[in-house]
Structure formats: structure tokens, C-alpha cells
Amino acid sequence: MTTESLPAAAVHVDGVAREFGAVTALSGVDLTVAAGEFVSLIGPSGCGKSTLLRLIADLDRPTAGSIQVFGRSTEQARLAHDYGIAFQQAGLLPWRTVRANIELPLSLHGVGRAGRRERATEMLDLVGLTEFADHFPDQLSGGMQQRVAIARALAERPSLLLMDEPFGALDEMTRERLQSELVRICAETRAAVVFVTHSIPEAVFLSDRVVVMSPRPGRIAEVVDVRLGDGSRNDALREDRAYFEAVTAVREALHGGAATGLRGVETR
Amino acid sequence: MTAATATRAGLVTRWSHLLAPVVLFGLLIAAWQLVVELADLPAFLLPSPAAIVDEFTAFWPTISGAAVVTGTNALVGLVAGALVGIAGAVVAASSRIVDALLAPLVAGLAVVPIVALAPVLYTMYGASAETGRQIVVAVAVAVPVFVNTLRGLRQVRPVHRDLMRALGATPRQVTRQVTVPTALPFVLTGLRLASSLAVISAIVAEYFGGPRTGIGSFITTAAAGSNYARAWAYVLGGVLVGLLFYLATSALERWGVPGPRRR
């Protein structure tokens with residue numbers, strides 16, 4: 001568990017708890033995510049990983065403790081557009097074209113037409129959807145919709161990206177392709193990422209550190225340092241010995257953390 | 001070539017879709033005429049279509065004038081009732097207390113036969129004013145518009161709400177970008193349902209008295225004077241007004257929705 005408090009930390013979580021009535025969703029959570037670092041939150045259903053992400057995004061407030069994003073309160077960070085966010089559902093506005101969906105954050109924050117257009121064109125290129133710019137979301141596959149959602153999250157060049165199981169609803173092949181794409185995009189944008197997932201291989205492939213959580217009450221059981229292959233990740237890594245060792249380490253951390261609560265964790 | 005064939009096939013289907021009901025309607029009218037002639041039915045039982053059309057053309061100036069009066073009443077009531085229904089739904093969607101207060105009232109309004117109020121309203125607003133009829137229409141219209149609008153406002157998806165909050169959108173931006181586009185198709189469907197109701201209420205309200213100006217008044221007058229074919233001709237005028245309202249609101253429903261849900 002890291003508790004050092006760097007001024008440049010993207011996210012600093014300090015003694016956070018969240019209770020819903022009598023249910024304790026999170027308790028005593030401390031976590032620091034450095035700028036540019038990729039951190040995954042993994043754990044069985046009900047371990048509070050999505051709750052933690054929502055707290056960081058200021059979509060919910062903790063009942064105890066404090067969270068800082070780039071040294072500010074989560075509300076200030078949200079209103080200053082410090083982070084981009086992607087959910088499990090793409091959540092695109094069906095009455096807007098792909099391009100207009102990517103432009104949404106920019107137009108809400110008063111970026112001019114030319115600036116929006118230019119940025120959306122860049123983002124479309126980044127996620128490889130240039131030829132679908134004028135399609136509507138309903139005309140796209142689930143994987144393509146999720147890529148649009150990621151492009152939208154990145155449209156304002158955030159230095160922090162919050163992702164709540166963005167690939168959870170996709171098939172395994174699409175998922176691996178999007179993971180590789182995300183690694184490439186992160187290398188280009190140098191954004192810090194907090195990534196919630198159910199999948200051990202996904203967490204290991206993507207992350208610098210994997211935060212293993214356990215349920216009832218939701219807390220951090222262990223933090224596994226991964227940092228595979230000097231930052232340059234590619235598909236060859238998926239067959240690397242270090243990759244399998246890290247997968248094993250995370251799996252053991254999950255088992256050790258909660259012998260009873262392993263439902264909902266994908267070990268494939 | 002295949003595209004051209006496909007377009008032609010599409011056109012054929014579209015025409016057959018349009019044509020089929022027209023042909024059916026024509027056959028029904030022909031059957032009606034035939035039955036009246038062969039069975040030699042008395043006019044008070046069922047006048048023949050030909051007789052109705054004769055009366056319709058002969059009394060066209062009166063019928064069209066009456067249709068304008070009834071149509072105006074229906075339109076004024078429709079607009080007023082829709083505004084009240086939409087405003088009520090917006091308030092009910094934003095406040096749980098108001099919703100709890102309004103729900104039984106709306107349920108009550110939906111059950112009460114509104115046109116029964118017409119005679120009371122005539123005495124309130126004077127025998128020569130159309131106001132009573134317009135109020136009857138407005139009350140009848142407000143209910144379906146309210147119900148549909150409220151349902152539409154509740155369709156906003158949690159993920160969209162989270163997204164707009166994460167983006168730090170102002171309440172006004174949330175309304176403009178998410179709430180209105182989500183609710184709009186429901187509002188327009190409510191308007192389409194209400195449009196038929198508006199015309200029916202406007203006509204039926206005239207049965208209960210008031211100035212003898214609209215379609216409903218003339219139907220009662222003609223029927224009371226044993227001019228059965230003429231009464232039917234006025235009914236035909238009422239059908240045309242109803243059709244006009246329905247087509248206008250259907251077009252609005254179809255074209256007023258942004259994005260791919262058109263067509």
C-alpha cells in the first residue's frame with residue numbers, strides 16, 4: 001500500500017470509507033496514483049472498486065476520509081475537467097453523430113467550432129473511426145461504440161483517465177484489441193489511468209500496478225507491482241513469462257484476500 | 001443496378017402500402033352503397049354514401065365554416081392543454097412531492113368524463129362564447145400529454161446523468177443536451193394521441209349546448225330535423241378535421257425527433 005504523498009500525484013486517496021445505510025461499501029482505503037501511472041482496481045463483485053472510482057470522479061461522496069485529484073478536491077477537479085471518464089456502457093448520446101459525441105465535452109466547455117472539429121478529427125484518427133464520423137451510435141458495434149466513448153474521454157487531453165470496466169461487455173477478441181489500443185493511446189497521451197476491471201489478464205497486461213480489493217467491507221487487500229517490459233507493451237507480452245508470473249501473483253492475492261468472495265472474477 | 005432495383009422494389013412496396021388501405025376503403029364504401037340500394041334501407045337507418053356526398057357538396061360552405069370553428073376550438077384547447085401537461089410533467093419530474101400531489105389528480109381527471117362539464121362551463125362563460133369548449137378540450141388533452149411527457153422525462157439513462165455530471169455540465173446544458181432529446185419522442189407521441197382526443201372533445205362538447213357554430217351543433221340540428229344524410233355530411237366534415245389534426249401531429253412526431261430515430 002503506498003501512502004507517500006507526492007504533490008504531483010494524480011490521485012491521492014486517504015482513509016476513505018463509503019457507507020450505504022448499514023452496508024459498508026468501502027473502508028480504510030489509502031491509495032496514491034502517480035502522474036502518468038496506470039493502476040487497475042480488481043476484485044470480486046461487491047468489493048467497492050466501482051464505488052472507489054465514482055468517489056474519485058466526484059459522482060459520489062465518501063462518508064469518511066478525503067480524496068485529492070492533482071492536489072485539489074474531487075469537486076474542483078471535476079469542475080476543472082481534470083479527468084476524462086469512460087463507463088461500462090459507452091453512454092453515447094444516440095441523437096448525436098459519432099463526431100458530435102466526441103465533441104460533446106468540448107462544446108459543453110465553450111470550445112469554438114473550428115477547435116472542436118480539429119480535435120474530433122484527431123480523436124477519430126486515434127481510435128481508427130474516421131470513416132464512421134457521420135454515423136450514429138446505433139449503427140456501430142459495441143466495440144466501436146466503446147472506442148468512441150474513449151475518444152470522448154480523451155477529447156480534452158485530460159491528465160487522468162477514469163475507466164469503469166470499459167471493455168466488460170465486449171467479446172474476448174475485441175477486448176484484447178482495445179487493450180492494445182489503450183496501451184498505445186496511454187503511451188501517446190501520458191495520462192494517468194485508474195482502470196476498474198474483473199479480468200486478471202486485462203489488469204496485468206495494462207497496468208503498472210494492480211490493486212487487489214476484497215469485499216465485505218470493501219478494502220485494499222494487496223498491491224501487486226507489475227511494470228512489465230519497460231513500458232513498451234505489445235501482444236508478444238501476452239506470452240511472456242513475466243506476464244504469467246504477474247497473473248499468478250494477482251490471482252494468489254485475490255485468493256488470499258477473500259477465500260469466500262471470488263465470484264465475479266474472471267480468471268481466463 | 002442492384003441499387004436501382006432495390007429502390008424500385010422499395011417504391012413498389014411503399015405504393016402498395018399506401019394503395020392497399022385506399023382500395024379497401026373504396027370497396028367498403030361500394031359495399032355500403034350496394035347494401036343500402038339492394039336492401040332499400042330507410043334514410044334514418046343508414047343513408048347511402050352517394051346521398052351523403054350530395055349533401056356534403058351542397059352544404060360545403062356551412063360545413064367548412066363549422067369545421068373551422070370546431071378546428072379552432074380543438075387547436076386552442078390542444079395548445080393550451082399541451083402546455084399545461086408539459087409544464088406539469090416538468091415540475092412533477094423535478095419534485096417528488098409535486099409528483100405525489102399530481103398523480104391522483106391526473107388519475108382523477110383521466111376517469112372523469114370531461115365533456116360532462118360542458119353545460120356547467122357554458123353557464124360560466126356565457127351562451128355565445130367558445131371558451132367553455134376550449135377548456136373542455138384543454139383538460140382532455142392535458143392528461144395524455146402529462147403522462148407521456150413524465151414518462152419521457154424519466155427515460156434519462158443513469159449513465160448519461162453520470163456523464164453530464166462528470167463533464168461538469170450546468171443544469172441548463174443537461175436539459176438541452178440530454179433531458180429534452182430523451183423526452184421529446186414521448187412528448188410528441190402524447191401530442192399525437194391528444195390530437196384525436198382534442199377534436200372528439202370539441203365536437204362532443206357542442207352536443208351539450210352553447211353557440212350553434214361548430215360541426216357538433218350542426219350534426220344535432222340536422223339529426224333533429226330528420227336530415228339524416230346531412231347529419232352524416234357534417235360527421236364527414238368532423239372526420240376531415242380529425243384527420244388533419246392526426247396527420248399534422250404524426251408529421252411532427254416523425255420529423256421533430258433529432259438523429260437516427262427519424263424515418
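Which residues of H10(B) are buried? In this predicted model, they are Ala229(B), Arg230(B), Ala231(B), Trp232(B), Ala233(B), Tyr234(B), Gly237(B), Gly238(B), Val241(B), Gly242(B), Phe245(B) and Thr249(B).

View 1. H10(B) runs over residues 228-255. Its 28 residues should span 40 Å at 1.5 Å a residue. The end C-alpha atoms lie 41 Å apart, which agrees. Arg230(B) is among the buried residues, as are Trp232(B) and Phe245(B).

**View 2. H2 against H10 in chain B.** The axes of H2(B) and H10(B) are 8 Å apart, and the packing angle is about 70°. The two helices are therefore roughly perpendicular to each other. From H2(B) come Ala51(B), Ile52(B), Glu55(B) and Phe56(B). They meet Ala229(B), Arg230(B), Trp232(B), Ala233(B) and Leu236(B) in H10(B). By class, this contact of H2(B) with H10(B) has seven nonpolar, no polar and two charged residues.

**View 3. Ala43(B) in the loop between H1 and H2.** Ala43(B) sits in the loop that joins helix H1 (2-39) to H2 in chain B. Is Ala43(B) buried or partly exposed? Ala43(B) is partly exposed, because 14 other C-beta atoms lie within 10 Å, and a residue counts as buried at 20 or more. Setting aside neighbours within four places in sequence, Ala43(B) is in contact with Tyr228(B) and Ala229(B). Ala229(B) also belongs to the H10(B) side of the contact with H2(B). Ser226(B) is 183 residues away from Ala43(B) in sequence. In space, the C-alpha atoms of Ala43(B) and Ser226(B) are 9.0 Å apart.

**View 4. H3 across H8 in chain B.** H3(B) covers residues 60-94, and H8(B) covers residues 171-206. Their axes are 9 Å apart and pack at an angle of about 140°. H3(B) and H8(B) are therefore oblique to each other. The crossing is right-handed. On H3(B), the contact residues are Thr70(B), Asn73(B), Ala74(B), Gly77(B), Leu78(B), Gly81(B), Ala82(B) and Ile86(B). On H8(B), they are Val187(B), Leu191(B), Ala194(B), Ser195(B), Ala198(B), Val199(B), Ala202(B) and Ile203(B). The residues of this contact of H3(B) with H8(B) divide into eleven nonpolar, five polar and no charged.

**View 5. H3 beside H5 in chain A.** H3(A) spans residues 98-108, and H5(A) spans residues 142-154. Their axes come within 7 Å and cross at roughly 30°. That makes H3(A) roughly parallel to H5(A). H3(A) passes H5(A) in a right-handed crossing. Val98(A), Asn101(A), Ile102(A), Leu104(A) and Pro105(A) form the H3(A) side. Val148(A), Ala151(A) and Arg152(A) form the H5(A) side. The contact of H3(A) with H5(A) contains six nonpolar, one polar and one charged residues.

**View 6. The contact between chains A and B.** Chain B gives 16 residues to the contact, and chain A gives 18. On the chain B side, the elements that give two or more residues are helix H7 (158-166) and H8. Which element supplies the largest share of the side of chain B that touches chain A? H7(B) does, with six residues. By class, the chain B side has nine nonpolar, five polar and two charged residues.

Methods. Residues are numbered from 1 along each chain as its sequence is written. Chains are lettered from A and ligands numbered from 1 in the order in which they are written. This is a predicted model: local features need pLDDT of at least 70, side-chain atom pairs count only at pLDDT 80 or more; totals for chains, interfaces and linings use all residues. Axes are lines fitted to C-alpha atoms, for helices over the stretch in contact, and angles run from 0 to 180 degrees between N-to-C directions. Helices (H or I, at least four residues) and strands (E, at least two) are DSSP runs, numbered from the N terminus. Angles under 35 degrees count as roughly parallel, over 145 as roughly antiparallel, 65 to 115 as roughly perpendicular and the rest as oblique. A crossing is left-handed if the near helix is turned anticlockwise from the far one by less than a right angle, and right-handed if clockwise. Two residues are in contact if their C-beta atoms, placed from the backbone, lie within 7 Å. Ala, Val, Leu, Ile, Met, Phe, Trp, Tyr, Cys and Pro count as nonpolar, Asp, Glu, Lys and Arg as charged, and the others, Gly among them, as polar. The expected span of a helix is 1.5 Å times one less than its number of residues. A residue is buried if 20 or more other C-beta atoms lie within 10 Å of its own, exposed if 12 or fewer, and partly exposed in between; C-beta atoms are placed from the backbone.
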